[in-house]
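The following exercises are meant to be worked with the sequence and the coordinates side by side. Try each task before reading its solution.

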Amino acid sequence: MALVNFRTHVLEDMQSANIDQYFLLGGKLNSMPWRTYEPEGVFTNVEGMVMRRLGMSVRNMHLTLAAPHSHRITLHQSRWK
């Protein structure tokens with residue numbers, strides 16, 4: 001799960017509770033202007049950030065994006081890389 005544009009205190013709370021290891025968060029994900037993109041554009045941008053962080057390519061991806069004050073967006077993408 002990739003967390004996009006969460007407030008600093010929320011990220012700090014997650015780190016202090018030791019649950020931040022289960023999410024991709026911070027860095028460029030925290031400053032992404034996701035509201036300016038169509039859903040597929042959000043997926044493409046976040047997918048690129050996630051792949052750079054993980055240093056890998058995937059064949060089937062299920063990516064859930066969570067942003068504060070919005071509905072959760074779940075996108076399924078199958079790609080052969």
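**Exercise 1: a glycine in a loop**

Task: locate Gly26 relative to the helices α1 (8-16) and α2 (39-54), and decide whether Gly26 counts as buried or exposed.

Solution. Gly26 sits in the loop that joins α1 (8-16) to α2 (39-54), where helices (H or I, at least four residues) and strands (E, at least two) are DSSP runs numbered from the N terminus. The model is a predicted one, in which local features need pLDDT of at least 70 and side-chain atom pairs count only at pLDDT 80 or more, while totals for chains, interfaces and linings use all residues. Residues are numbered from 1 along each chain as its sequence is written, and side-chain values use heavy atoms, with hydrogens and water left out. Gly26 counts as buried because its relative accessibility is 12%; buried means under 20% relative accessible area, exposed over 50%, and partly exposed in between (1.4 Å probe, protein chains only).

**Exercise 2: the nonpolar cores**

Task: which residues make up the largest nonpolar core, and which element gives the most to it?

Solution. A nonpolar core is a set of buried Ala, Val, Leu, Ile, Met, Phe, Trp, Tyr and Cys residues joined through side-chain atoms within 4.5 Å. The largest one has ten residues, namely Ala2, Val4, Leu29, Met32, Trp34, Val42, Val46, Met49, Val50 and Met51. Helix α2 gives the most to this core, with five residues. Another core, of five residues, lies apart from it and includes Phe6, Leu11, Met14 and Leu25.

**Exercise 3: the whole chain**

Task: give the order of helices and strands along the sequence and the share of residues that count as buried.

Solution. The chain holds two helices and three strands, which follow the pattern β-α-α-β-β along the sequence. Of its 81 residues, 32% count as buried.
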